[in-house]
Amino acid sequence: MSIEVRAGTFAYGKNEPILRDVSFSAETGETVAILGPNGVGKTTLIKCLLGFLPWERGSTVIDGRELRDFRGRELWQRVAYVPQARKPAFSYLAEDMVLLGRSPYLGDFSMPGARDREIAAEAMELAGISRLRGRSCAHLSGGELQLVLIARALAAEPEYLVLDEPESGLDFRNQLVVLDLIARLCRDRRLTVILNTHYPDHALRVSDKALLLFGNGMHLFGRTEHILTEEHMRALFGVDIAVRRERLNGKEYAAVLPLEILEKGENGPWTRP
């Protein structure tokens, strides 16, 4: 099973395409990280991938079927989306927010049943937030709310999980909590994950594949170890970068060290890598 974008192109109005002929894929149990500086189209790509914005050319394909061939409920039973965490307009309890993830399985006037509540409780336990059941989402920390939104997505029992900067704005510990949860979902549940991130360290930690968006329609995609190189990251962010690896307790960790800002044109993000 796989989710993929085939030669996706998108432009806002009559502007030059922000995305041009982008192609990438994620197989069962894989994580794909999408990286790039601000304004290159990371969130736009997620919106096109999910059909919130229409591709000008190209398509999203899920298990061999184009996205437009899926009916709404059928799609959202297969694919779950976790947006960037923001305080909700209504003061839902955490357990009620997670229960909203069961919506694709309910009729227009149906109410969640015992099984739906059981699945929502299991999703909260999986995300490690059962203790938040009776708490108002309006009173949660950013990290707690992000985990609630992930649990809401898991309550849909999806095969594919798409996350838009799930660790942004979180403190150091909560970033690791989210990243470790993503790794566990791929390893233990065989979920396929696509996530936007600003952090190369995080992509190195959890992703199997990486898609780099350079702007002006340029991009690179492949196995993480081949794509997230010092050379490519210098070109992507316009920063001189060193990658250091350390093996501790039988596991290898990678750290990205930003050394200095490169001068414009000196292998910066506006040049082809």
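**Exercise 1. Find the two domains and how far apart their centres lie.**

Solution. Start with the bounds: domain 1 covers 2-229 and domain 2 covers 230-273, as set by an automatic or database domain assignment. Next, take the centres over C-alpha atoms; they are 25 Å apart. Then list the contact residues, with contact meaning heavy atoms within 4.5 Å: domain 1 gives 17 residues and domain 2 gives 17 residues.

A note before going on: this is a predicted model, where local features need pLDDT of at least 70, side-chain atom pairs count only at pLDDT 80 or more, and totals for chains, interfaces and linings use all residues. Residues are numbered from 1 along each chain as its sequence is written, and side-chain values use heavy atoms, with hydrogens and water left out.

**Exercise 2. Describe the area buried between the domains.**

Solution. Buried area is the accessible area (1.4 Å probe) that two parts lose on being put together, summed over both. Here that comes to about 1500 Å², with 67% from carbon and sulfur atoms. Now look at domain 1: Phe214, Met218 and Thr229 lose the most area to domain 2, together 39% of what that side buries.

**Exercise 3. Judge the confidence.**

Solution. For pLDDT, the predictor's confidence in each residue from 0 to 100, the chain mean is 92, and 96% of residues reach 70 or more. Over residues 268-273, however, pLDDT is below 50. Where pLDDT is low, the predicted coordinates should not be read in detail.
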